[in-house]
Amino acid sequence: MILPPSPPPGINRAHLMLTLAFLFTALSLFESILSWISGLAIIACLMRLALIFHWQKQTVSIRTLNLLAVLSALTLAWFGWQLGLLLAMTNLLVLAISLKLMLLRNQKDYFQLIIVVLFLIGCGFIFYQNIGFTLFYLIQTLIIVISLACYFSPTLPLKQQMGTVIKMSLQALPIALVLFLLLPQIGPLWQMPNLNGAKTGLSDKVNPGDLSHIAQSGDLAFRASFEQSIPPVEQRYWRTIVMEQFDGHSWQVAPQRIKQQERLRRANQSFQPVTTGPSYKYSVIAEPTFQRWLYALDVGQSHDRRVWQSPDYQLLSKQPVQNKMQYEVQSWYQMPLDQGRLTFDLQLNLQLPDSGNPRTIDWVKQLRQQYGQDQAFIDAVLRYFKQQSFRYTLRPELMPENMVDRFLFDYRAGFCAHYASAMAYILRLANIPARMVTGYLGGEVHEGNYLSIYQYDAHAWVEAWQEDQGWVRYDPTAVVSPERLLYGLEQAVAYENTFLTEQGFSLAKMKSIQWLNNIRLTLAEMDYLWSRWVLGFNQQRQQDMLKQLLGNLQPGRIAIFTFLSLLGLAGLIALYHWKSWLPSRGEPVLRLYHQAIKLLAQRQILRHPGQGPNDFKQQVQQTHPADIAEPFAQITEHFIQYQYAQLNSSNNQDLRKQLSKLKKALKQTKV
């Protein structure tokens with residue numbers, strides 16, 4: 001065992017701050033870190049705290065630590081490949097910090113830990129970017145800086161060190177604000193590795209029961225801020241993913257569609273439908289999903305350079321959405337979806353699985369003989385859903401075999417994906433091209449003319465091809481449960497009390513309690529403003545801001561504006577430090593005493609180096625007349641009380657009189 005020398009209290013304080021910063025940051029990433037690595041991080045912090053508070057005096061031996069490192073690395077390598085590169089590297093970073101914290105011995109180890117913990121805090125911003133976590137990670141950064149202050153000034157009180165760090169941080173705020181507004185907003189210099197699968201929300205492959213699990217999440221999916229009025233609820237179908245391949249049980253994005261999209265993206269060809277008529281203009285702030293799909297109302301278009309549009313009217317990001325992404329959209333809500341590569345689309349959306357669901361196949365044959373017209377057949381299918389006592393539920397039965405048969409004829413209860421999946425399959429059996437679209441329906445309206453759309457708003461509907469109309473939306477869920485369309489999921493499942501029952505505590509479940517709902521709405525408003533004006537401050541917004549200030553963005557104007565801004569910033573810094581550039585006047589007692597010393601020195605009455613004020617006073621009393629010695633003695637007594645006894649009860653007016661007497665006496669007396 002190694003028995004290190006006990007560090008000074010100030011160094012212990014620095015180690016304590018560093019340990020706490022690492023512990024809090026690691027705990028904030030618990031969703032992204034393997035449970036055994038989280039446990040190892042907690043154990044490492046407890047071991048370090050035991051050494052700091054002298055509960056334990058011996059550290060782990062290097063041999064034991066090396067063995068632990070090898071075993072941990074092998075275990076992480078075994079499980080890490082399933083996580084994806086980003087999560088694997090984050091887990092590796094936490095593991096490395098934990099092992100290093102156990103063996104913190106010297107200055108080099110301390111500085112290495114400072115750097116990697118700051119890097120870990122930066123990783124936290126990848127996963128969490130709302131205002132709450134931003135403040136949390138800023139506090140952790142402040143703790144790291146305070147730790148450095150304690151390390152370099154171990155004898156200063158902690159309160160003084162904290163005050164200095166906070167004061168310097170506040171001084172840096174205006175500089176950071178000016179640089180944030182003026183420095184060019186450029187894209188990332190490298191691309192972060194992807195996660196395996198979506199972080200949250202929809203997937204590109206859906207089993208009918210999947211959306212019911214997503215609907216148990218109160219996490220935010222995206223926000224939409226409208227320039228004019230918010231669309232009525234029946235128009236708030238947010239297209240996200242188009243599913244065109246059905247294997248008899250699950251729907252997914254068709255491989256043919258994926259190949260088509262890749263080919264068009266490589267050729268830099270984006271689908272641009274011809275649009276006319278009334279439209280909505282709005283801004284979307286999408287939460288990170290680590291996928292490419294985006295959200296828009298039909299028929300949506302975006303001129304953002306980061307956004308690409310597929311021939312199936314789906315908006316896609318050119319890069320995975322790894323941070324909050326703000327983009328502008330315009331949607332023409334009266335436009336038919338009748339453009340695109342029609343031959344390809346129609347052939348793709350008539351494909352059927354090879355086997356399965358025999359009862360549905362027989363039923364469709366009989367129904368098709370009765371209703372030869374496509375629209376009449378579709379209306380008959382919708383009437384069947386309405387008349388056969390179907391039920392909307394978040395707790396559907398498991399249907400592993402012949403899902404459509406069991407849903408239509410046995411259980412007759414399911415979530416939106418059950419209805420959309422069954423209807424799209426029925427229409428294909430009737431030789432009507434159909435596909436399932438997943439996205440979101442509705443959204444919570446806020447006073448700032450924007451909507452918050454949560455994961456529990458996830459929805460699925462059907463698009464069927466009509467020769468004279470193009471792709472037409474049909475929502476069988478709205479037929480079975482109109483409350484889902486008009487009032488949202490909470491009202492639709494109120495009869496079975498299943499809204500967010502699997503999430504644990506959530507403010508979204510407390511809407512009926514007024515004061516809790518007010519807190520929830522206030523927090524949502526703060527996060528919206530943060531996302532819109534800080535996280536959403538991109539190159540386009542920076543240019544818009546400069547256009548409002550400067551008019552035309554001519555290089556000369558931009559250069560002058562930048563120079564004046566930096567000059568103003570330098571002026572603020574100079575204004576703060578102006579006292580340090582002027583002769584120090586000090587406190588009145590000190591100033592008057594030094595003036596008295598200077599007057600005596602001018603008459604060759606000199607205070608020797610190292611001579612105390614009381615000794616110098618006695619020297620003057622012994623060698624000079626009373627009219628000089630007495631006023632100087634009074635001034636010296638006040639100075640001694642102020643400087644050494646920390647008493648500040650001096651009458652400055654009396655001191656000035658004594659200084660005047662000294663000046664007068666020195667002029668009248670020949671020394």
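**Exercise 1.** In this predicted model, determine over which ring the charged end of Arg265 sits, and how far it lies from the ring's centre.

*Solution.* The charged end of Arg265 is placed over the ring of Trp308, at 5.5 Å from the centre of that ring. This distance can be set against the cut-off, which asks for CZ of Arg within 6 Å of the ring centre. A further contact of this kind involves Arg435, whose charged end sits over the ring of Trp471, 3.9 Å from its centre.

**Exercise 2.** Classify the geometry of the ring pair Phe222 and Trp238, and state which strands the two residues belong to.

*Solution.* A search of the whole structure returns 40 aromatic pairs. For Phe222 and Trp238 the ring centres are 5.2 Å apart and the planes stand at 70°, and because planes over 60 degrees apart count as edge-to-face, the pair is edge-to-face. Next, Phe222 is found in strand β2 (residues 220-226) and Trp238 in strand β3 (residues 237-243), so the pair ties together parts that are 16 residues apart in sequence. Finally, both Phe222 and Trp238 are buried.

**Exercise 3.** Describe the pair formed by Phe616 and Phe632, together with the helices that hold the two residues.

*Solution.* The pair is edge-to-face, with 5.5 Å from centre to centre and 85° between the planes. As for accessibility, Phe616 and Phe632 are both buried.

**Exercise 4.** List the residues that ring pairs link into a cluster with Phe222.

*Solution.* Ring pairs join Phe222 in a cluster with Phe226, Trp238, Tyr280, Tyr282, Tyr295, Tyr333 and Tyr440.

Conventions. Residues are numbered from 1 along each chain as its sequence is written. This is a predicted model: local features need pLDDT of at least 70, side-chain atom pairs count only at pLDDT 80 or more; totals for chains, interfaces and linings use all residues. Side-chain values use heavy atoms; hydrogens and water are left out. Rings of Phe, Tyr and Trp (its six-membered ring) pair if their centres lie within 6.5 Å; planes under 30 degrees apart count as stacked, over 60 as edge-to-face and the rest as tilted. Helices (H or I, at least four residues) and strands (E, at least two) are DSSP runs, numbered from the N terminus. Buried means under 20% relative accessible area, exposed over 50%, partly exposed in between (1.4 Å probe, protein chains only). A charge sits over a ring if NZ of Lys or CZ of Arg is within 6 Å of the ring centre and within 35 degrees of the ring normal.
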